[in-house]
Amino acid sequence: MSQENMSKTLETLGYAQTLRKRAEAISKADASERPKPHVNQLAEELHPRRQDLIIESIIEETDVMRTFRLKSAKGGPVAYFRAGQYIPFYIEVEGSMLSRPYSISSSPKDALSGFYEVTIQKKVGGYVSNYVYENWKVGDKVTAGGPEGNFYYTRLRDSKNVIGVSGGSGVTPFRAMAKAIVDKTMDTNLTLFYGINTMADGIYVEEFKTLEKESNGKFKIIFVLAKEEKEGCEKGFITAEMLNKHCNVSESSVFICGPQGLYKHMYDQTEKLSLRKKFIRYELFGETTSPFELDGYPMTEVQEFDMIVHQNSVTYNIKAKSDESVTVALERAGIDAPSKCRSGECGYCRAYIIKGDVFIPEDTDGRRGRDKELGYMHPCCSYPLSNIEMVVPRR
Ligand code: FES
């Protein structure tokens, strides 16, 4: 490895080294100079790297959606979060350790009572979500990380009025927000546009109506039905005109969560709202099922490439397909690679490219400017275009 590549590799691993040096310095320091343990303990409680959870109950929401209630395996509260955040779950499927982020659909107040709820949809081609849907049973122990993500209301950044736009299972973080408004964990107004085909496809429908009644006018739900006429509901797709009809958009933040098709539709609609960029917030884009659908993707057919992967002092030689992300190739090869959001946002999977090219879609390129210059990628949203040699940190 060249001197230049070596120094970049060290930068990749720098964070782990900093932690190790810090631990050494603390262990050598005089007891009076050491950080107070309760500070570290509080930090670990608020931002745990790992939480062991037990499935307490399962609710069948529809034929294809289940809500799992999870409590702490050691008892007591689970890590606190902000309504709208997700937790990454670490799930072993066919010998590979995979991670997936699922939005928390319960209120932050429920975390203090000792549980989270996540609602998971069985999907065509949904490898991990289908595994979870079919296999998770009451009493099973599951492993999760701490709460993550930026899809939450904060007074300093957002307008006091929030417009929620959701489709399909993208409604889950808004359930957490609506509950948080009613139990007074969250002080804002929320008007939620919930796009579904028919009323029968919706989840939490009766619960949303009850929350609306209990919210003192702070939460309002508008069902937008694509394939059904129903009194009191909008018909069609969620549009800028529809938002303007029900809300004072110029004094609102718009939060959007749903399938990738909804995001593409809403890019055009939000253009018409003339809001500053900071007032339009999209939740994680999610993994792309096929890069061939992405703007600028240069391949015309699927190819297989060789990947040389350095991780700590071990080197792996694996295969990667051009139509799957580098993270998927690493996981398929059984390499313990880090990931959380799987949408390019969190940077947890950050890895260094020594040689080779990848395609990084503009919409999900969450790298810092310096990382782009130095040749880092977020493997969860990078697709191989050639043979690759890379350095990957451990989880
Ligand atoms: S897992 Fe978050 S950027 Fe890749």
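Reader: What percentage of the 395 residues of the protein chain count as buried?

Author: The model is predicted, so local features need pLDDT of at least 70 and side-chain atom pairs count only at pLDDT 80 or more, while totals for chains, interfaces and linings use all residues. Residues are numbered from 1 along each chain as its sequence is written, and side-chain values use heavy atoms, with hydrogens and water left out. Buried means under 20% relative accessible area, with a 1.4 Å probe and protein chains only. By that cut-off, the buried share of the 395 residues is 50%.

Reader: What radius of gyration does the protein chain have, and why does it agree with a compact globule?

Author: The radius is taken over C-alpha atoms, and the globule rule is 2.2 Å times the number of residues to the power 0.38. Because a compact globule of 395 residues would come near 21 Å, there is agreement with the value of the protein chain, 22 Å.

Reader: How many helices and strands does the secondary structure of the protein chain come to?

Author: Helices (H or I, at least four residues) and strands (E, at least two) are DSSP runs, numbered from the N terminus. The count for the protein chain is 10 helices and 19 strands.

Reader: In what order do the six strands of the open sheet stand?

Author: Two strands pair if DSSP finds at least two bridges between them. In this sheet the pairing is parallel, and the order is β10-β9-β8-β7-β11-β12. Pairing on one side only marks the edge strands, β10 (234-235) and β12 (280-282).

Reader: Which strands of the sheet does helix α8 touch?

Author: Contact means heavy atoms within 4.5 Å. Helix α8 (residues 260-271) packs on the sheet at about 160° to the direction of β11; axes are lines fitted to C-alpha atoms, for helices over the stretch in contact, and angles run from 0 to 180 degrees between N-to-C directions. The strands touched by α8 are β7, β11 and β12.

Reader: How many residues of strand β7 are buried?

Author: Strand β7 spans residues 161-167 and is mostly covered. Its parallel pairing with β11 (residues 252-257) runs over six bridges, and G164 stands opposite F255 there. Of the seven residues of β7, the number buried is six.
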